[in-house]
Amino acid sequence: MGRTKHFLLEMFKILPVIFMLTVVIEAWIPKEVIVKKFGENSGFSGNTLSLVLSSISAGPIYAAFPIAKMLLKKGASVTNIVIILNSWAVIKVPMLANEAKFLGVEFMAVRWVLTVISIVIMGYFISLIIKKEDLPGLEALDQTKIHFEINEDYCIGCSICAKFAPQVFEMVDDKAKINYVPTNQSKIELVLSSVDKCPTKAIMFENYEVGSE
Ligand code: SF4
């Protein structure tokens, strides 16, 4: 009973901080940055960054799940998410310091090296089996069933959409125009993010599979 109470209290203390952190990352870190740093083409530097950031993180592993989901939605690869979750769970710096204290530096160092190698292999292996579209909330949209357009009467020419998704939107005479209709999932996601960010809701997006959004 005492342990359950302690666990619940810990959750109530940590989760609000994690949700706030998730919202801050969601709102302030552009999707392009996440795709570049943690996306499919981020390669060795993306793997290393995932490993380092989660190693210096704080908090229990369940705190990592909402952050992982948000990073996936913004373009991180499955490989890097696996690396983040595993590093968060088993090779955090404070944990390594304690391990060295009780079991010795040599033990800690060998375990760290073997664990890192295993984590990276696991990341690539899982990405072969699990695709992002298989995960709940990340299913691919059917490109033949979506439609979007700009209501010029609502557009105030703030150019947020053109800055956020320059491949899709352009500014002409202080009004946003659709420059290119995306056909791949990552660009469609940029349109969806632009719909969210448009201050006047001038970008209308319809998904005929589920009705208007
Ligand atoms: S974000 Fe909205 S209001 Fe701003 S330019 Fe784009 S469509 Fe117009």
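Predicted model: local features only at pLDDT ≥ 70, side-chain atom pairs only at ≥ 80, totals over all residues.

Residues are numbered from 1 along each chain as its sequence is written.

**Overall fold**
- The protein has nine helices and five strands; these are DSSP runs numbered from the N terminus, with helices being H or I of at least four residues and strands E of at least two.
- Starting at the N terminus, the order of elements is α-α-α-α-α-α-α-β-α-β-β-α-β-β.

**Helices α4 and α5**
- Helix α4 (residues 64–73) packs with helix α5 (residues 78–90) at an angle of about 165 degrees, and their axes lie 10 Å apart.
- Axes are lines fitted to C-alpha atoms, for helices over the stretch in contact, and angles run from 0 to 180 degrees between N-to-C directions.
- This angle makes α4 roughly antiparallel to α5, a label for angles over 145 degrees.
- A64, A68, L71 and L72 of α4 meet I81, I84, L85 and W88 of α5, where contact puts C-beta atoms, placed from the backbone, within 7 Å.

**Around the ligand**
- C155, C158, C161, A176 and C198 come nearest among the 14 residues around the ligand, counted if the C-beta atom, placed from the backbone, lies within 6 Å of it.

Notes: Parallel < 35°, antiparallel > 145°, perpendicular 65-115°, else oblique. Contact = placed C-beta atoms within 7 Å.
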